[in-house]
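Here is a friendly briefing to read alongside the model. Please keep the structure open as you go through the points.

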Amino acid sequence: HMGWWLSVPDHFILVALSIVEIFVLATLGRHLLTSRVLTFLMIACAFFGVMLAIDAWAPHDLLLRLTLEDLFKTWSALFFFFFSWTIFEQRLDDFVRTRET
């Protein structure tokens with residue numbers, strides 16, 4: 001709805017929101033970003049970027065366009081889940097270690 005309201009294509013709004021989210025993660029969550037977490041985040045961002053590229057540049061009547069877009073969106077969501085789950089595991093381990101001492 002924001003794209004219609006602002007009269008811009010929806011992929012521009014998704015890119016803008018992604019940039020804001022990356023900035024927030026890089027500043028506020030810097031202490032949580034281990035190499036494993038960053039790996040999942042970068043893979044998720046790559047799949048998200050491919051999904052946006054298909055949305056922006058693929059012809060709308062291209063055979064299997066929506067299928068490919070949804071496939072990359074699903075893989076992106078899976079790796080965003082791995083990203084958040086890994087942070088949860090780290091925080092849980094930290095909590096358990098502090099409770100043991």
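**Starting at G3**

G3 touches V8 and I13, once residues up to four places away in sequence are set aside; contact here means heavy atoms within 4.5 Å. This is a predicted model, in which local features need pLDDT of at least 70 and side-chain atom pairs count only at pLDDT 80 or more, while totals for chains, interfaces and linings use all residues. Residues are numbered from 1 along each chain as its sequence is written, and side-chain values use heavy atoms, with hydrogens and water left out.

**More on G3**

- G3 sits in helix 1, which covers residues 2–6; helices (H or I, at least four residues) and strands (E, at least two) are DSSP runs, numbered from the N terminus.
- With a relative accessibility of 13%, G3 counts as buried; the classes are buried under 20% relative accessible area, exposed over 50% and partly exposed in between, using a 1.4 Å probe and protein chains only.
- From G3 to F79 the C-alpha distance is 26 Å, and the two are 76 residues apart in sequence.

**Overall layout**

- The chain contains four helices and zero strands, and its elements run α-α-α-α from the N terminus on.
- Its radius of gyration is 17 Å, whereas a compact globule of 101 residues would be near 13 Å; the radius is taken over C-alpha atoms, and the globule rule is 2.2 Å times the number of residues to the power 0.38.
- Along the principal axes, the C-alpha atoms fill a box of roughly 60 × 30 × 20 Å.
- Among contacts in the chain with a separation of 6 or more, 68% join residues 24 or more positions apart.

**Surface and charge**

- Of the 101 residues, 22% count as buried.
- The accessible surface comes to about 7,700 Å², and carbon and sulfur atoms hold 73% of that; areas come from the Shrake-Rupley method with a 1.4 Å probe, and for residues only the protein chains shown count as cover.
- There are 7 positive and 10 negative side chains, with the centres of the two sets 10 Å apart. Lys and Arg count as positive and Asp and Glu as negative, leaving out His and the chain ends; each charge is placed at NZ of Lys, CZ of Arg, CG of Asp or CD of Glu.

**The nonpolar core**

- Eight residues make up the largest nonpolar core: L32, V37, F40, L41, A44, F79, F83 and I87. Such a core is a set of buried Ala, Val, Leu, Ile, Met, Phe, Trp, Tyr and Cys residues joined through side-chain atoms within 4.5 Å.
- Helix 3 (35–57) and helix 4 (65–100) each supply at least two residues of this core, and the largest share, four residues, comes from helix 3.
- Beyond its neighbours within four places in sequence, F83 contacts L25, L33, V37, F40 and L41.
- L78, in helix 4, is partly exposed at 33% relative accessibility. Its C-alpha atom is 9.4 Å from that of F40, 38 residues away along the chain.

**Two more residues to look at**

- H11 lies in helix 2 (residues 10–28) and counts as buried, at 15% relative accessibility. Leaving aside neighbours within four places in sequence, H11 is in contact with L52, D55 and A56.
- L64 belongs to the loop between helix 3 and helix 4 and is exposed, with a relative accessible area of 53%. Its phi is near 65°, a positive value in a residue other than glycine.
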